[in-house]
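Subject: Structure handover and notes

Dear colleague,

Please find below the structure I promised to pass on to you. My notes follow it, arranged by topic so that you can check each against the coordinates.

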Amino acid sequence: MTQFNDKPREKQIEQLLYQPLTIGKMIVSGRVFKSATSETRATAEGFVTDELIDFYLPMAKAKTPLIFTGNLCISKQGHSAGKQASIDADNKIAGLKTWVDAIHAQGQTTKLIAQLNHGGRQVVRPNDADNPVVSASNVMEQSLGTKPRALQLNEIPKIIDDFVRAAIRAQMAGFDGIQLHFAHGYLISQFLAPYTNRRNDLYGGNLDNRMRLPLQIVKAIRQCVGDDFPILAKVNGTDALAFRRGATTDELVTFAVALQNEGVDAIEISRAHYESVPPMLSGSYHGFLKTNIEHGSGMGFSSTRKKIALSMSPMIESFLTWSTPKGEGYNMPYVKHFKHALDIPVIASGGFVSREVMENALINGHSDAISCARAFIADPYLYHNLYHSELDYPICQYCNKCIARLGGMAVDCYEPEMSNKRQIMLDTDILF
């Protein structure tokens with residue numbers, strides 16, 4: 001994997017990443033956003049905690065223009081990770097409002113966007129009659145060992161309704177908008193990919209049928225929240241399902257155009273499913289499986305699966321590390337296609353950590369904004385530090401130790417040197 005670092009075609013605009021951007025009726029103060037990542041900081045039932053809010057406060061304090069929350073599950077059925085914040089019932093609204101108010105209290109500069117998600121088959125939990133694991137079809141998730149059952153046709157209206165009700169709750173709680181998670185192999189992504197969607201009804205087969213459900217979700221939400229409430233979506237640029245038929249980039253671009261036509265205000269581009277090769281994230285995977293089994297979502301694996309994963313971990317981890325060496329902008333080859341086809345803003349994710357590479361992506365017209373997840377985990381003051389670094393601030397090393405622990409331990413930087421720099425920075429409080 002090569003690092004994206006196109007040389008700019010024109011003279012660099014001063015502090016380009018601080019230029020405002022209009023998304024629907026919302027004006028965002030800059031071009032660097034915090035992309036979503038599961039926080040593992042809510043209660044077991046999905047209620048907001050002080051620990052969850054505290055993770056985001058430094059980002060708002062640094063005037064990060066826009067923050068996508070970690071994926072909020074829209075229903076008990078859609079729950080996909082331990083201590084995942086939820087937006088599945090009205091009793092969650094008060095806590096969500098506290099979260100929003102805490103961010104806005106930092107000066108109203110930061111926009112907080114609620115990411116709504118249904119995990120589908122990408123979950124580590126047993127099937128049971130009251131809470132079955134569901135997907136477009138009954139195709140086993142290979143990385144987690146989870147076997148879903150196919151959603152029945154008469155169950156699909158409930159999925160749409162769950163998304164709609166979650167969007168209404170987000171609006172009631174005061175979020176500045178919502179992002180619909182249609183990427184990363186979660187439920188809607190499972191409907192889009194032929195590999196995971198083998199239906200022969202109105203929701204399977206050709207692309208029009210495979211994208212019918214997400215388009216119905218967007219249409220229903222827009223009718224309920226009105227024209228002024230921002231709706232964003234996250235879409236894969238590639239499913240990266242080696243030797244299996246994922247949705248192609250051309251199909252995903254067509255899908256994004258359809259989302260635009262249905263009223264979506266911006267598209268964030270990412271990549272992959274959980275079981276994809278190359279995987280979702282670049283960088284090192286050495287020790288990833290052992291850490292995940294001991295401290296992350298892998299704690300829920302069966303004892304047999306744990307033994308098999310640990311025995312194969314050296315080979316698997318070496319291959320994943322080889323297939324996705326660390327580098328910035330690794331989704332840009334796909335992002336360019338979306339930018340060419342869409343009139344709404346396109347947001348690029350993919351390992352960005354440095355100002356130069358971010359600026360070049362914008363200057364060359366390849367994207368309208370940049371989103372970062374791991375970079376903000378390492379440095380919550382990232383947006384400030386890009387142009388005003390007074391300290392030797394922490395920079396993500398692509399070790400993926402944070403991601404390996406998700407679902408078991410609170411999201412944080414677990415690389416010792418960067419974690420120490422992060423703590424010194426926060427203790428020093430360079431912003432004041």
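Within what distance do the axes of helix 1 (residues 50-61) and helix 2 (residues 93-104) come, and at roughly what angle do they cross? In this predicted model, the two axes come within 9 Å and cross at roughly 25 degrees. Because angles under 35 degrees count as roughly parallel, that makes helix 1 roughly parallel to helix 2. Helix 1 passes helix 2 in a right-handed crossing, and the contact brings Leu52, Ile53, Tyr56, Leu57 and Ala60 of helix 1 against Thr98, Trp99, Ala102 and Ile103 of helix 2. Sorted by class, the residues of this contact comprise 8 nonpolar, 1 polar and no charged.

As for the protein as a whole, its secondary structure comes to 15 helices and 13 strands. The radius of gyration is 20 Å, close to the 22 Å that the globule rule gives for 432 residues, so the protein is as compact as a globular protein of that length. Along the principal axes, the C-alpha atoms fill a box of roughly 55 × 50 × 45 Å, and 61% of the 432 residues count as buried. Among contacts with a separation of 6 or more, 73% are accounted for by residues 24 or more positions apart.

Helix 11 (residues 355-363) may be worth a look in your viewer. Of its 9 residues, 7 are buried, so helix 11 is largely enclosed by the rest of the structure. Those buried residues are Val357, Met358, Glu359, Asn360, Ala361, Leu362 and Ile363, and they pack against strand 3 (32-34), helix 10 (332-341), strand 13 (369-372) and helix 13 (382-385). Helix 11 is followed by Gly365, which has a positive phi near 75 degrees.

Leu187, which lies in helix 4 (residues 187-192), is buried, with a relative accessible area of 0%. Although Leu187 and His118 are 69 residues apart along the chain, their C-alpha atoms are separated by 5.7 Å. Leaving aside residues up to four places away in sequence, Leu187 touches His118, Gly119, Gly120, Val134, Ser135, Ala136, Leu151 and Ile159.

Finally, some notes on backbone geometry. The peptide bond from Val277 to Pro278 is cis, with omega near 0 degrees, and Pro278 is found in the loop between strand 11 (266-270) and helix 8 (288-295). Ala272 lies in the loop between strand 11 and helix 8 and has a positive phi near 80 degrees, in a residue other than glycine; Ala272 is buried, with a relative accessible area of 0%. Phe243, in the loop between strand 10 (231-236) and helix 7, has a positive phi near 65 degrees, and Phe243 is exposed, with a relative accessible area of 90%.

With best regards

Terms used: Residues numbered from 1 in each chain as written. Predicted model: local features only at pLDDT ≥ 70, side-chain atom pairs only at ≥ 80, totals over all residues. Heavy atoms only, no water. Buried < 20%, exposed > 50% of the residue type's maximum accessible area, 1.4 Å probe, protein only. Helix = DSSP H or I, 4+ residues; strand = E, 2+ residues; numbered from the N terminus. Contact = heavy atoms within 4.5 Å. Rg over C-alpha atoms; globule rule 2.2 N^0.38 Å. Axes fitted to C-alpha atoms, helices over the stretch in contact; angles between N-to-C directions. Parallel < 35°, antiparallel > 145°, perpendicular 65-115°, else oblique. Left-handed = near helix turned anticlockwise from the far one by under 90°. Nonpolar A, V, L, I, M, F, W, Y, C, P; charged D, E, K, R; others polar.
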